[in-house]
Amino acid sequence: MRARPSSFLTAGNRCESAAPSRDGSQAESWGYNFVGQLGIGTVGETETRPSAVTVAGPHTVRAVSAGARHGLALLSNGTVKAWGGNDFGQLDDGTHTSRPIPGSVASLREVTAVAAGGRFSLALLRDGTLRAWGQNSSGQLGDGTTSDRTLPVEVLGLPGHVTAIAAGNSTALALLADGTVLAWGLNSSGELGQGTADNQPHPVPLTVPLPQRATSIGAGLFHSLAVLADGSARGWGLNNEGQVGNGSNAVSVQPTPVAVVGLRGVRVKSVDGGFGHSLALPTNGRVKAWGSNASGQLGDGTNTPRLVPVDVLGLTGASAVAAGYDGFSANGHSLAITHGGVRAWGENNRGQLGIGGFESSNRASAVTTGLSPTHSISGGLAFSLTAGG
């Protein structure tokens, strides 16, 4: 659940930005499909696809983003497609009807990044403003209300030009051009980084106190992450599995940003989070992971939880990372783009690794897709999305 400036493609669970146009680029998906979140025209409570299938319709896809039960695709012409669950209007079609085939988000143009949250969606426009739609019970749409929206509304109270976005379960993040990070929505585990946790909605963006400007942001389900200008990382929010990365889970709620320890000697480019684990992509093309590891989602060859970052084994030349999740459990899955292909590891009970079959893996395995090269990946609730070609 992470984001980076919209001038560079990001890949992860919650925010995807536009890359240079690739005519003919397609989207593929795999995993759980009970409300049509794979975008292939079918649905079923027990339907899963353990190998990659082609998302119907869009063929000029710049980036994809996976939410809890819906998917978004940013097209090369700056428009957006949406599909899957629509119980809170997260597909932006004015209804609450789920849709297994991608449909156009008709009211949006000149979009440069999209982010799918739990049951809401965000879009960053070329002019640096944001639009949001879907569930809004915690104020995650940022429009000053807690009313759900089936059509996009403008996020209010942004004091500058937004360059990147990220979406957690019910929390939204924005990165401004000057390096300021803003957060709004749910704060029950301190996801907003304000020093306290509460159960009140926060429908107006708040400034996250960081020691220096940020260059990238990411969102787990109930925790938030940021990369600072010096290449270090900060985490805040739910920490029951050590997912904020401060080396301890003794305090399960960390409402103030803290340094991710154990990253000495590397500079981080981007971050992403699932429910209980987090991923970091350093500039050296390796991948770091920490937090829960019950299904091997840290990729270190074990199922042992880690309170400090460990290397994902066997990965080099990584250009993007993404963290998926399996509900609010210690399980989860992880994805990376390496040398233009996709690797996956962790929980696979619904085929979310895309490697065929349903056996989980604590080591990164190659995903066979029809896309070459891959330029975007995203992990949702037991399903995954990718784009390329």
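Q: Hi! Quick one to start: in β11, which residue is the bridge partner of S121?
A: That partner is W133. Strands here are DSSP runs (E, at least two residues), numbered from the N terminus.

Q: Good. What kind of model is this?
A: This is a predicted model, where local features need pLDDT of at least 70 and side-chain atom pairs count only at pLDDT 80 or more, while totals for chains, interfaces and linings use all residues. Residues are numbered from 1 along each chain as its sequence is written, and side-chain values use heavy atoms, with hydrogens and water left out.

Q: Back to β11, then. How many bridges join β10 to β11?
A: Five, with β10 (residues 120-125) running antiparallel to β11. Strands count as paired if DSSP finds at least two bridges between them. The two form a hairpin with four residues between them, and G128 in the turn has a positive phi of about 85°.

Q: And what about β12: how many bridges join β11 to that strand?
A: Three, again antiparallel, and β12 covers residues 149-154. A132 has V153 as its bridge partner there.

Q: How many residues of β11 are buried?
A: Five of the five in β11 (residues 130-134) are buried, where buried means under 20% relative accessible area with a 1.4 Å probe, protein chains only.

Q: Which way do they point from β11?
A: L130, A132 and G134 go one way, R131 and W133 the other, and all are buried. In a regular strand, side chains alternate between the two faces of the sheet.

Q: Switching topic: what is the strand order in the open sheet of four strands?
A: The order is β25-β26-β27-β28, with antiparallel pairing. The edge strands, β25 (318-323) and β28 (361-367), each pair on one side only. From one strand to the next the twist averages 20°, using axes fitted to C-alpha atoms and angles from 0 to 180 degrees between N-to-C directions.

Q: And β26 with β27, how many bridges there?
A: Six, between residues 333-338 of β26 and 341-346 of β27, in the antiparallel sense. H333 stands opposite G346 in β27.

Q: Zooming out, how many helices and strands does the protein have?
A: Zero helices and 30 strands. For the record, a helix would be a DSSP run of H or I with at least four residues. Buried residues make up 63% of the 389 residues. The C-alpha atoms fill a box of roughly 45 × 45 × 35 Å along the principal axes.

Terms used. Buried means under 20% relative accessible area, exposed over 50%, partly exposed in between (1.4 Å probe, protein chains only).
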